[in-house]
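Good morning, colleagues. May I ask you to look at the structure on the screen while I describe its core and one of its loops.

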Amino acid sequence: MRGDFTFAVRHYFANDPATYALVPVRARAVRKADGSFAIFESGYSRNDPDTEIRCTLDQVFCWLHKWADSIKFVSLPGGKR
C-alpha cells in the first residue's frame, strides 16, 4: 500500500447480497508502487476489507469511461487539483 497512488474514486450504491438493501460502496482506481493497476472496492459493511481487482491499463481506461458520471475525484499528473 505504501507508494500506491489513488487517481480516481467512485461512489455508488449496490445491493448487499445478504440483506438486499442498498448500501454505499466506494471504488478506487490505483496505480500500485510496482507499476501495476488495480481497482479497490469497499465491502458492503464497514468491517469488510477492500476487494482488490487487478487490471491492465486498458481495463482501467475502460472503467474510467464506463463510470465517468459517478467518479467524484480524479487526479492526473500535470492536471488541476
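I begin with a definition: a nonpolar core is a set of buried Ala, Val, Leu, Ile, Met, Phe, Trp, Tyr and Cys residues joined through side-chain atoms within 4.5 Å. Buried means under 20% relative accessible area, exposed over 50%, and partly exposed in between, with a 1.4 Å probe and protein chains only.

The model is predicted: local features need pLDDT of at least 70, side-chain atom pairs count only at pLDDT 80 or more, and totals for chains, interfaces and linings use all residues. Residues are numbered from 1 along each chain as its sequence is written, and side-chain values use heavy atoms, with hydrogens and water left out.

The chain contains 1 helix and 5 strands, in the order β-β-β-β-α-β from the N terminus. These are DSSP runs numbered from the N terminus: helices are H or I with at least four residues, strands E with at least two. Of its 81 residues, 31% count as buried.

The largest nonpolar core has 14 residues, and F7, A8, A29, I39, V60 and W63 have the most contacts inside it. Two or more residues come from each of β1 (5-15), β2 (22-31), β3 (37-41) and α1 (57-66). Leaving aside residues up to four places away in sequence, V60 touches F7, A29, F37 and C55, where contact means heavy atoms within 4.5 Å.

I turn now to Y44, in the loop between β3 and β4 (51-55). Beyond residues up to four places away in sequence, Y44 touches A14, N15, D16, P17, V23 and V25. Y44 and N15 lie 29 residues apart in sequence, and 8.4 Å apart in space, C-alpha to C-alpha.
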